[in-house]
Amino acid sequence: MKQIAALAAALILSACATVPAPVPQQDAFMASLNALCGQRFEGRVVTTDVADADFARSRLLMHVRDCSADEVRIPFWVGADKSRTWVISRNPEGGLTLKHDHRDPQGNPDGLHWYGGDTTSAGTANRQQFPVDAFSIELFNAGNAAVSTTNVWAVEVHPGRIYAYELRRENRYLRVEFDLTRPVAE
(Lines give C-alpha, C1' and ligand atoms only; values in the text may rest on other atoms or scores of the structure.)
Protein backbone atom coordinates (compact mmCIF):
# COMPACT_ATOMS: atom_id res chain seq x y z
CA MET A 1 0.00 0.00 0.00
CA LYS A 2 2.87 2.38 0.83
CA GLN A 3 4.40 1.63 -2.58
CA ILE A 4 1.16 2.51 -4.35
CA ALA A 5 0.85 5.77 -2.38
CA ALA A 6 4.49 6.63 -3.14
CA LEU A 7 3.97 5.85 -6.83
CA ALA A 8 0.83 7.98 -6.94
CA ALA A 9 2.64 10.88 -5.26
CA ALA A 10 5.54 10.57 -7.71
CA LEU A 11 3.15 10.58 -10.68
CA ILE A 12 1.36 13.65 -9.37
CA LEU A 13 4.66 15.47 -8.80
CA SER A 14 5.99 14.54 -12.24
CA ALA A 15 2.74 15.71 -13.86
CA CYS A 16 3.03 19.00 -12.03
CA ALA A 17 6.64 19.37 -13.10
CA THR A 18 5.65 19.12 -16.78
CA VAL A 19 2.99 21.83 -16.56
CA PRO A 20 4.77 25.02 -17.59
CA ALA A 21 4.62 27.84 -15.10
CA PRO A 22 3.38 31.20 -16.39
CA VAL A 23 6.20 33.47 -17.48
CA PRO A 24 5.72 37.00 -16.06
CA GLN A 25 7.38 38.70 -19.05
CA GLN A 26 5.06 36.91 -21.48
CA ASP A 27 2.03 37.58 -19.30
CA ALA A 28 2.89 41.30 -19.39
CA PHE A 29 3.47 41.15 -23.15
CA MET A 30 0.05 39.54 -23.76
CA ALA A 31 -1.58 42.07 -21.42
CA SER A 32 -0.04 44.91 -23.46
CA LEU A 33 -1.43 43.39 -26.66
CA ASN A 34 -4.86 42.99 -25.06
CA ALA A 35 -4.82 46.63 -23.96
CA LEU A 36 -4.76 47.56 -27.68
CA CYS A 37 -7.77 45.39 -28.52
CA GLY A 38 -10.26 46.94 -30.90
CA GLN A 39 -7.87 49.64 -32.09
CA ARG A 40 -6.23 50.23 -35.49
CA PHE A 41 -2.87 51.86 -36.08
CA GLU A 42 -0.91 53.01 -39.12
CA GLY A 43 2.66 51.92 -39.57
CA ARG A 44 5.69 52.46 -41.71
CA VAL A 45 8.70 50.46 -42.81
CA VAL A 46 11.73 51.80 -40.93
CA THR A 47 14.35 49.56 -42.56
CA THR A 48 15.83 50.17 -46.00
CA ASP A 49 15.96 46.74 -47.67
CA VAL A 50 15.17 47.08 -51.39
CA ALA A 51 12.96 43.96 -51.10
CA ASP A 52 10.52 46.02 -49.01
CA ALA A 53 10.05 48.90 -51.44
CA ASP A 54 6.43 47.96 -52.20
CA PHE A 55 5.64 47.71 -48.50
CA ALA A 56 7.30 51.07 -47.89
CA ARG A 57 5.13 52.74 -50.57
CA SER A 58 1.90 51.23 -49.26
CA ARG A 59 -0.40 52.26 -46.45
CA LEU A 60 0.25 49.81 -43.59
CA LEU A 61 -2.54 49.24 -41.11
CA MET A 62 -2.89 46.82 -38.20
CA HIS A 63 -6.10 46.10 -36.32
CA VAL A 64 -5.76 44.42 -32.91
CA ARG A 65 -8.84 42.25 -32.42
CA ASP A 66 -10.18 38.88 -31.34
CA CYS A 67 -8.37 39.21 -28.03
CA SER A 68 -8.14 36.90 -25.02
CA ALA A 69 -5.52 36.17 -22.39
CA ASP A 70 -4.31 33.25 -24.55
CA GLU A 71 -4.57 34.60 -28.11
CA VAL A 72 -4.62 37.87 -30.02
CA ARG A 73 -5.32 38.19 -33.75
CA ILE A 74 -3.95 41.20 -35.60
CA PRO A 75 -4.98 41.67 -39.23
CA PHE A 76 -2.20 43.46 -41.13
CA TRP A 77 -3.19 45.30 -44.29
CA VAL A 78 -0.71 46.36 -46.94
CA GLY A 79 -2.54 48.83 -49.15
CA ALA A 80 -5.66 47.06 -50.46
CA ASP A 81 -4.21 43.63 -49.61
CA LYS A 82 -6.06 42.39 -46.51
CA SER A 83 -4.78 38.79 -46.72
CA ARG A 84 -2.53 38.75 -43.64
CA THR A 85 -3.24 38.19 -39.95
CA TRP A 86 -0.66 37.82 -37.20
CA VAL A 87 -1.80 35.37 -34.53
CA ILE A 88 0.05 35.48 -31.21
CA SER A 89 -0.95 32.77 -28.75
CA ARG A 90 0.22 30.81 -25.77
CA ASN A 91 1.52 27.34 -26.60
CA PRO A 92 1.47 24.06 -24.64
CA GLU A 93 5.19 24.36 -23.86
CA GLY A 94 4.54 27.48 -21.78
CA GLY A 95 5.81 29.99 -24.31
CA LEU A 96 4.27 32.06 -27.06
CA THR A 97 3.70 31.29 -30.72
CA LEU A 98 3.51 33.68 -33.67
CA LYS A 99 1.71 32.42 -36.78
CA HIS A 100 1.04 34.14 -40.09
CA ASP A 101 -2.49 33.43 -41.31
CA HIS A 102 -2.70 34.17 -45.06
CA ARG A 103 -6.15 34.03 -46.70
CA ASP A 104 -7.54 34.66 -50.18
CA PRO A 105 -10.48 37.09 -50.59
CA GLN A 106 -12.93 34.21 -49.99
CA GLY A 107 -11.30 33.39 -46.64
CA ASN A 108 -9.49 30.21 -47.72
CA PRO A 109 -5.85 29.52 -46.75
CA ASP A 110 -3.68 31.04 -49.46
CA GLY A 111 -0.15 30.13 -50.53
CA LEU A 112 2.25 29.86 -47.65
CA HIS A 113 -0.12 29.75 -44.71
CA TRP A 114 0.24 29.31 -40.95
CA TYR A 115 4.01 29.67 -40.82
CA GLY A 116 5.79 31.13 -37.83
CA GLY A 117 7.68 30.17 -34.72
CA ASP A 118 7.79 29.76 -30.97
CA THR A 119 9.62 31.66 -28.27
CA THR A 120 12.67 29.88 -26.90
CA SER A 121 13.19 32.22 -23.95
CA ALA A 122 11.12 34.38 -21.62
CA GLY A 123 11.86 37.49 -23.67
CA THR A 124 10.84 40.76 -22.07
CA ALA A 125 7.55 42.42 -21.29
CA ASN A 126 8.11 44.56 -24.41
CA ARG A 127 9.79 42.16 -26.89
CA GLN A 128 9.29 38.53 -27.87
CA GLN A 129 11.29 36.64 -30.52
CA PHE A 130 9.96 33.71 -32.52
CA PRO A 131 12.54 31.54 -34.33
CA VAL A 132 11.07 29.53 -37.21
CA ASP A 133 9.43 26.25 -36.14
CA ALA A 134 9.76 22.79 -37.72
CA PHE A 135 6.34 22.96 -39.42
CA SER A 136 7.31 26.23 -41.11
CA ILE A 137 10.69 24.89 -42.24
CA GLU A 138 8.90 22.00 -43.96
CA LEU A 139 6.34 24.39 -45.45
CA PHE A 140 9.03 26.74 -46.76
CA ASN A 141 11.06 23.89 -48.26
CA ALA A 142 7.96 22.45 -49.96
CA GLY A 143 6.85 25.91 -51.15
CA ASN A 144 10.12 26.87 -52.84
CA ALA A 145 10.94 29.36 -50.07
CA ALA A 146 13.96 27.66 -48.49
CA VAL A 147 15.53 31.09 -47.92
CA SER A 148 12.96 31.53 -45.09
CA THR A 149 14.03 28.44 -43.12
CA THR A 150 16.19 30.54 -40.79
CA ASN A 151 13.64 33.30 -40.14
CA VAL A 152 13.38 34.87 -36.73
CA TRP A 153 10.41 37.14 -36.17
CA ALA A 154 10.06 39.58 -33.30
CA VAL A 155 7.17 41.62 -32.00
CA GLU A 156 7.54 44.59 -29.68
CA VAL A 157 4.88 46.44 -27.74
CA HIS A 158 5.90 49.69 -26.07
CA PRO A 159 2.60 50.92 -24.57
CA GLY A 160 1.69 54.44 -25.57
CA ARG A 161 4.54 54.52 -28.14
CA ILE A 162 5.01 51.79 -30.75
CA TYR A 163 4.17 48.29 -31.86
CA ALA A 164 6.90 46.78 -34.03
CA TYR A 165 7.05 43.69 -36.23
CA GLU A 166 10.42 42.35 -37.40
CA LEU A 167 11.68 39.67 -39.73
CA ARG A 168 15.38 38.74 -39.67
CA ARG A 169 17.51 36.19 -41.46
CA GLU A 170 20.87 36.31 -43.19
CA ASN A 171 20.90 39.24 -45.64
CA ARG A 172 17.33 40.23 -44.71
CA TYR A 173 15.93 42.62 -42.13
CA LEU A 174 12.43 44.10 -42.18
CA ARG A 175 11.04 46.25 -39.39
CA VAL A 176 7.63 47.89 -39.44
CA GLU A 177 6.65 50.28 -36.63
CA PHE A 178 3.11 51.32 -35.79
CA ASP A 179 2.36 54.57 -33.96
CA LEU A 180 0.32 53.68 -30.86
CA THR A 181 -0.22 57.35 -29.99
CA ARG A 182 -2.63 57.80 -32.91
CA PRO A 183 -5.37 55.17 -33.33
CA VAL A 184 -7.15 55.48 -36.68
CA ALA A 185 -10.70 54.76 -37.78
CA GLU A 186 -9.49 52.83 -40.87
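## Surface, pocket and salt bridges of a predicted model

The accessible surface of the protein comes to about 10,200 Å², and 56% of this area belongs to carbon and sulfur atoms. Accessible areas come from the Shrake-Rupley method with a 1.4 Å probe, and for residues only the protein chains shown count as cover. The model is predicted, so local features need pLDDT of at least 70 and side-chain atom pairs count only at pLDDT 80 or more, whereas totals for chains, interfaces and linings use all residues. Residues are numbered from 1 along each chain as its sequence is written, and side-chain values use heavy atoms, with hydrogens and water left out.

The protein has four helices and eleven strands; these are DSSP runs numbered from the N terminus, helices being H or I with at least four residues and strands E with at least two. Buried residues make up 40% of the 186 residues, where buried means under 20% relative accessible area, exposed over 50%, and partly exposed in between (1.4 Å probe, protein chains only). Among contacts (heavy atoms within 4.5 Å) between residues at least 6 apart in sequence, 44% join residues at least 24 apart.

The largest pocket holds about 390 Å³ of space. Its lining comprises 21 residues, of which F55, R84, Y115, Y165 and L167 are the closest to the pocket centre. Strands β5 (81-90), β6 (96-102), β10 (162-169) and β11 (172-179) are the elements that each give two or more residues to this lining. On a 1 Å grid over the protein atoms alone, a pocket is an open set of points where a 1.4 Å probe fits, with protein on both sides within 12 Å along at least five of seven lines, and lining residues have an atom within 4 Å of a point. Grid points are joined across faces, edges and corners, and the volume is the space filled by probe spheres set on the points. By class, the lining has eleven nonpolar, five polar and five charged residues. Ala, Val, Leu, Ile, Met, Phe, Trp, Tyr, Cys and Pro count as nonpolar, Asp, Glu, Lys and Arg as charged, and the others, Gly among them, as polar.

A salt bridge is a side-chain nitrogen of Lys or Arg within 4 Å of a carboxyl oxygen of Asp or Glu; by this rule the count comes to 18. Three of these pairs are listed below.

| Pair | Closest N to O |
|---|---|
| R59 and E42 | 3.1 Å |
| D49 and R172 | 3.6 Å |

R59, in the loop between α3 (53-57) and β2 (60-63), and E42, in strand β1 (residues 40-45), are 17 residues apart. R59 is partly exposed at 39% relative accessibility, and E42 is partly exposed at 35%. D49 lies in the loop between β1 and α3 and R172 in strand β11, so this pair ties together parts that are 123 residues apart in sequence. D49 is partly exposed at 23%, whereas R172 is buried at 16%. D54 and R57 both lie in helix α3, three residues apart, about one turn of the helix; D54 is exposed at 52% and R57 is exposed at 63%. Salt bridges that share partners also join R127, E156, E166, R168, R175 and E177 into one network.

T97 is found in strand β6 and is buried at 9% relative accessibility. Leaving aside residues up to four places away in sequence, T97 touches V87, I88, S89, N91, G117, D118 and F130.
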